[in-house]
Amino acid sequence: MKNLILISVLALSITACGDRIKPDEGTAGDGSAGSGSDNAGGASAGGIADGSGIGGTALEGGKLVSYAENAINDANNVLFEKIVYFSFDSNAVTDDYIELVKHHGKYLSFNTNASVRLEGHADERGTREYNVALAEQRALAVKQLMLFEGASKDQISIISYGEEKPVSFGHDDESMSLNRRVEIVYQ
Amino acid sequence: MIKKIIICLFCLSFTSVAQAVLKIDITEGFEGALPIAVIPFKWNGAAKVANGDVSAIIVSDLARSGKFSPVAEKDLIARPQTLAEVHYKTWRIAGMDHIVIGDVSKQVNGSYRIQFRLIDILKAKQVLGYSFTATDKTLRDVSHQISDYIFTHITGLPGAFSTRIAYVTTKRSKTGTSSRLQVSDTDGYNPQTLLTSDQPVMSPAWSPDGSQLAYVSFESGQAEIFTHNIRTGVRKSRSKFPGLNGSPGWSPDGKKLLMTLSKSGNPDIYVLTLSSNKLQRLTDHWSIDTEAVWTPDGGSIIYTSSRSGKPQLYRQKAVPGAKPERLTYEGGYNASASVSADGKYVAYVHGEGSTYRIAVLELATKSSRILTEGPLDESPVYAPNNSMILFASQESRQAVLAAVSVDGRQKQRLAFSDGEVREPSWAAVRY
């Protein structure tokens, strides 16, 4: 029960964050967010149980949690989200993303054959080489959290691109916030 | 992916008709620049060569330096073709210090003979005069050399017009991103591509003799430092450790490379001796240390470190465990140092809020001055003769190269017609 509450709170924060910087995110915030921890979302626990004992839990907002092997490709699963966003000139994983990173860490710990590449990125402000270093520290912070959740070092590789691979090309705050990210790429 | 990487052999003799890719606009005038009149050269027995207009190239070079203000052709009060035709008193009354006259003559074998004379109006005599032979392909090179002679004679500083610049361009399309490492004349003509990759290319740096570029390429799926001979096209992988391999910086003798590596957990400065592959760690701190450059005496390094919480510039002896001295205190973001050839000044990126501008620090007094407007200026690099600073700037949605005179009074934009251009590096010598 305690876990359920924790996860529900997480779903709220992901939704809120999605509203702020990921306006085109379809799965989060689809009408039932904000309903607290009483499992009021449209999805049900039964929908994603995989029988492996890893189990699933329903979340409000249509997001589910399962560490089944295919969960990372399930648009209804919290693991479908694979981008962690950061504040300017910071490598701290914010409260909005700590649980997401932990879920991926747990997934790796349950699926020891899986591996990820963490790709660190920065926005265009500041110098290029400093941004490569900063973006690597972001990826390292994500890696550290995943290790705490039981992932092994062998499962995680890192590359930092700094500001060299933006996904958004505007110079406004919104574009830049989309570029300050670590992408979790399953190999 | 490897197949998508094309390494181009760089060969001067292949240079076809020069093409202007960079267009240079002088955006702000410069009071106090030295007046000079370059009389359009007379072409004997030949039509003017497109892109080879010698006197026009000289005018453009001298204007770009910020130290001269050449008279516009339409404002010339006279057009002497020979020394005998120069009427000194007229030029003196017009306030002209120097004039340049010359001619280009087609030779029987198809080459050109170019003669020029620099005339000091106050001394009422010729103070410099040379004759060169050139082909269609080398007319621009000779013109830049003449600019260097004139610049050096009058200012006492070495000329830097006839060397080369390197820069990175990026072109984005629906099928992906293409990065190119390019080399051109200092006025942007004769661009040639050294490397094309669908992965990022970063941080080109000229070796002191102008023969090689060090740079970072992600072509193998990770950051890797290469050195690349521009004449032969031969290149060598110099660093491919796990993690960062960045910020290559040549020692003044060309025998060592500074680099940023994070193989021990966080980014620190290392120095690689190229002949022996010996690697030494120069900094050891949990924060980010990067963007290291040598001081011209080879004794110290200046680098960016976030050890105070925010990126600031530090200087230390170029030996392991040396004590760092913090150089910058104003503002929360000071990074990416370029040291002037005389070792007295450091150009760097100064960030305040969301505005990033180019500033210069005088090492003796620790006083600094902001030279540019921003808002996203970066990658400052001194011209080899210290007369100007080249940097990358953002204009509306396009990344461009720009130059500012060291006193901040003259600014120029080198707009790129095709894609983004950034990370300039200026060779001290034409190899």
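Modeller: I begin with a definition: helices (H or I, at least four residues) and strands (E, at least two) are DSSP runs, numbered from the N terminus. Pro375(B), for instance, lies in the loop between strand 27 (367–370) and strand 28 (378–382) of chain B. This is a predicted model, in which local features need pLDDT of at least 70 and side-chain atom pairs count only at pLDDT 80 or more, while totals for chains, interfaces and linings use all residues. Residues are numbered from 1 along each chain as its sequence is written, and chains are lettered from A and ligands numbered from 1 in the order in which they are written.

Biologist: What kind of peptide bond joins Gly374(B) and Pro375(B)?

Modeller: The bond between Gly374(B) and Pro375(B) is cis, with omega at about 10 degrees.

Biologist: What makes the phi of Asn190(B) worth noting?

Modeller: Phi of Asn190(B) is near 55 degrees, a positive value in a residue other than glycine. Asn190(B) is in the loop between strand 10 (176–185) and strand 11 (192–197) of chain B.

Biologist: How many helices and strands does chain B have?

Modeller: Chain B has 3 helices and 32 strands.

Biologist: How do you know whether the radius of gyration of chain B agrees or disagrees with that of a compact globule?

Modeller: The radius is taken over C-alpha atoms, and the globule rule is 2.2 Å times the number of residues to the power 0.38. For 431 residues a compact globule would have a value near 22 Å; chain B has 23 Å, which agrees. The C-alpha trace of chain B spans about 70 × 50 × 45 Å along its principal axes.

Biologist: Which domains does the assignment give for chain B?

Modeller: The assignment, automatic or from a database, gives domain 1 (2–13 + 163–426) and domain 2 (31–155). The centres of domain 1 and domain 2 of chain B, over C-alpha atoms, are separated by 35 Å. Their contact (C-beta atoms, placed from the backbone, within 7 Å) takes 10 residues from domain 1 of chain B and 10 residues from domain 2 of chain B.

Biologist: What makes helix 1 of chain B and helix 3 of chain B oblique to each other?

Modeller: Axes are lines fitted to C-alpha atoms, for helices over the stretch in contact, and angles run from 0 to 180 degrees between N-to-C directions. Angles under 35 degrees count as roughly parallel, over 145 as roughly antiparallel, 65 to 115 as roughly perpendicular and the rest as oblique. The axes of helix 1 (residues 54–64) and helix 3 (residues 139–155) of chain B come within 9 Å and cross at roughly 50 degrees. These two helices of chain B are therefore oblique. Among the residues in their contact are Ile57(B) and Ile58(B) of helix 1 and Ile146(B) and Ile150(B) of helix 3 of chain B.

Biologist: Why is helix 2 of chain A called oblique to helix 3 of chain A?

Modeller: Helix 2 (residues 95–110) of chain A packs against helix 3 of chain A at an angle of about 55 degrees, their axes 8 Å apart. That makes helix 2 of chain A oblique to helix 3 of chain A. Val101(A) and Leu108(A) of helix 2 and Val142(A) and Leu145(A) of helix 3 of chain A are among the residues making this contact.

Biologist: Which elements give two or more residues to the side of chain A that touches chain B?

Modeller: In total, 18 residues of chain A are in contact with 28 residues of chain B. Helix 3 (128–148) and strand 5 (156–162) of chain A each give two or more. Helix 3 of chain A supplies the largest share, 8 residues.

Methods: Contact = placed C-beta atoms within 7 Å.
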